[in-house]
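Please read the following points alongside the coordinates.

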Amino acid sequence: MSYELQALIGTLELLTVAAAEVPAARVVPLAQGLALIPVTSAVLASLQGDDAVAKAGGGTGFGWHSDGFELRLAAWSKAGPIACVEAEYSGGSGTQRAAVWEDGRVALGPLTGGGNEWGPEGNPISRALRWLGADVTAGRVDEFDAVGLAAHRSTGDWAEA
């Protein structure tokens, strides 16, 4: 079974304000006061901005967005931390990447990992979620599970949720 996700995650309040600037953005509530914006092609096109703008300085290595995108995340993060996450799995193997912007700069990451073998700090997305205040609740495997990121299997499914 496959899983793919490209999303922005932050508090419901922060992402509601951010989404007001991006007509194609849809805010989907998660558990623990968090929410996500699925980064669909329409959202990505709105966020790319002008690549001629000065570099954001993050150098996060996400292959699917531009420096203009990172500048927008830096600006939003002045109101609170915001994570950019991606995951791609098929047949039990794959990768995750996560970075968190806070106070206008990359504060965590970029973090990259593959497979299911994570260090003691956990997988990249769970580490980013922890930075945003998520914690493991009773009966949950990790922060990824605790906030409900397993509810849908693709970015498109999240956008339709």
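**Notes on the model**

1. At 32% relative accessibility, Gln32 counts as partly exposed, where buried means under 20% relative accessible area, exposed over 50%, and partly exposed in between (1.4 Å probe, protein chains only). Gln32 is found in the loop between β2 (28–29) and β3 (34–38), and its phi is near 65 degrees, a positive value in a residue other than glycine.

2. This is a predicted model, in which local features need pLDDT of at least 70 and side-chain atom pairs count only at pLDDT 80 or more, while totals for chains, interfaces and linings use all residues. Residues are numbered from 1 along each chain as its sequence is written, and side-chain values use heavy atoms, with hydrogens and water left out.

3. The chain has 6 helices and 6 strands, where helices (H or I, at least four residues) and strands (E, at least two) are DSSP runs numbered from the N terminus. From the N terminus on, the order of the elements is β-α-β-β-α-α-β-β-β-α-α-α. Of the 161 residues, 44% count as buried, and the accessible surface comes to about 7500 Å², of which 51% belongs to carbon and sulfur atoms; accessible areas come from the Shrake-Rupley method with a 1.4 Å probe, and for residues only the protein chains shown count as cover.

4. Two further points of backbone geometry deserve a look. Asp103, in the loop between β5 (93–102) and β6, also has a positive phi for a residue other than glycine, near 55 degrees, and is exposed with a relative accessible area of 61%. A cis peptide bond joins Gly109 and Pro110, with omega about 10 degrees, and Pro110 has its place in strand β6 (residues 105–114).

5. The count comes to 3 salt bridges, a salt bridge being a side-chain nitrogen of Lys or Arg within 4 Å of a carboxyl oxygen of Asp or Glu. One of them joins the side chains of Glu21 and Arg72 (3.6 Å, N to O); this pair links distant parts of the chain, with Glu21 in the loop between α1 (12–19) and β2 and Arg72 in helix α3 (residues 67–76), 51 residues apart. Glu21 is partly exposed at 45%, and Arg72 is partly exposed at 24% relative accessibility.

6. Glu86 and Arg97 also meet in a salt bridge through their side chains (3.3 Å, N to O). Glu86 lies in strand β4 (residues 82–90) and Arg97 in strand β5, so the pair ties together parts that are 11 residues apart in sequence; both residues are buried.

7. Arg130 and Glu143 form a salt bridge at 2.9 Å, N to O. Arg130 lies in helix α4 (residues 124–131) and Glu143 in helix α5, so parts 13 residues apart in sequence are tied together. Arg130 is partly exposed, at 36%, whereas Glu143 is buried, at 7%. Leaving aside neighbours within four places in sequence, Glu143 is in contact (heavy atoms within 4.5 Å) with Ser126, Leu129, Arg130, Ala134, Asp135 and Val136.

8. His152 sits in the loop between α5 and α6 (155–160) and is partly exposed, with a relative accessible area of 24%. Not counting residues up to four places away in sequence, His152 touches Tyr3, Asp157, Trp158 and Ala161. His152 and Glu4 are 148 residues apart in sequence and 9.2 Å apart in space, C-alpha to C-alpha. Glu4 belongs to strand β1 (residues 2–11) and is partly exposed at 31% relative accessibility.
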